[in-house]
Amino acid sequence: MPKSMRTVQRHILEEERIHEQATGDLTGLLWDLTIAAKVISQQVNRGGLADIFGDTGEANVTGDLVRRLDRIAQDTIYRAMDHGGHLCVMVSEESPDLIPIPKKYPKGKYVLLYDPLDGSSNIEANVSIGTIFSVHRRISASGDGTLEDCLRKGSEQVAAGYFLYGSSTMIVYTTGQGVFGFTLDPGIGEFVLTHEWMTTPAKGKYYSINEGNAEGWDEPTRKYVEYLKQKDPATGRPYSLRYIGSLVADFHRTLLYGGIFLYPADFSNPQKPKSKLRLLYEVAPMSFIMEQAGGAAISGTQRALDVQAATLHDKVPIILGSKQDVETYQKFCAQYGSGAKSAVLTGASK
Ligand code: AHM
Ligand code: MG
């Protein structure tokens, strides 16, 4: 039984009251998002019972196959968010361009960037997947939101979070004043506060990386992972590997248990290094949450939240998790020279 019966709506409302100038717009926006997530959660839970598995036969802007459930999640969020009057524009990992707010609806002061269904290649295997969101205040004066409203640094986010569709459905979010987690109680259809002031341990016991990509890693990453496999004097054991291949699930575990998650650049072709995770829909929101939970997040050699987006679908390296673990990785970068810097921005490379 959770200690309090505070719903996510109540919590957001109380947080907003702290700010004198608050208009209730952010509360409304996050509220609408939770409704979309309940719909998506229901679809995900039905799994093989509903006709939702399989591909649409199309590829998205960064070349990934679009699954049917990706499309359902994308449409659900759009339909929940287009008419609330809180947004001036949206962008999604699944859409090549800006998603405008229909003419008939009022335009608001916020911008929503989202990954409708992250980790969707795991759907058929019943592995935890999620929705990731990032909210910015618009910089344009009025009317339709612009590209400049969307191409931002993570440090400018006013809110970020994710929904995890796992053994239970959760929302974890921050507005820059700590991290809070709520679990969907299916009996009452409400997200109820279960994780207050979430913090990540200063040092962990797990590392999370796709080791199949080791051939393309730079020297510091290779040396660092070798080091993790040696006995840690603090525990008398090496770090344990945990990798699901579903960012929300890998991130959630790292947030709770500590340790480090890495998706470094791939230098298989040194002339054209590649990254996998998207700056605006994955890296920036997760980095905001991790920093708010007392952890750290870097991209190449810089703080991930300081990376400026150049295009809507930039992909960048990301290393995040417990502060001490990220600092140790940075020491390896300093010692073995980081080639990662050149791969900070790789555009929408496939
Ligand atoms: P997606 O947004 O198309 O689902 O792809 C992102 C996913 C992340 O969830 C996960 O961290 C990563 O891709 C796994 O990649 P890989 O299979 O290369 O390890
Ligand atoms: Mg994704």
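Q: Which residue in S12 does Tyr207 stand opposite?
A: In this predicted model, local features need pLDDT of at least 70 and side-chain atom pairs pLDDT 80 or more, while totals for chains, interfaces and linings use all residues. Residues are numbered from 1 along each chain as written, chains are lettered from A and ligands numbered from 1 in written order, and side-chain values use heavy atoms, without hydrogens and water. S11 and S12 pair in the parallel sense over two bridges, pairing being at least two DSSP bridges between strands. The residue in S12 opposite Tyr207 is Leu241.

Q: Which are the edge strands of the open sheet?
A: The sheet has six strands, in the order S12-S11-S13-S16-S14-S15, with mixed pairing. Strands (E, at least two residues) and helices (H or I, at least four) are DSSP runs numbered from the N terminus. Pairing on one side only marks the edge strands, S12 and S15.

Q: How many of the 14 residues of helix H7 are buried?
A: Buried means under 20% relative accessible area, with a 1.4 Å probe and protein chains only. The buried residues include Leu279, Tyr281 and Phe288. H7 is largely enclosed by the rest of the structure, because the number of its residues that are buried is 12.

Q: The backbone oxygen of which residue lies 3.1 Å from a polar atom of the side chain of Thr200?
A: Thr200 is in the loop between S10 and S11, and its 8% relative accessibility counts as buried. Its contacts (heavy atoms within 4.5 Å) beyond four places in sequence include Leu255, Met290 and Gly294. The backbone oxygen at 3.1 Å belongs to Thr254.

Note on methods: Buried < 20%, exposed > 50% of the residue type's maximum accessible area, 1.4 Å probe, protein only. Polar contact = N/O pair within 3.5 Å; in protein donor to acceptor, adjacent residues only side chain to side chain.
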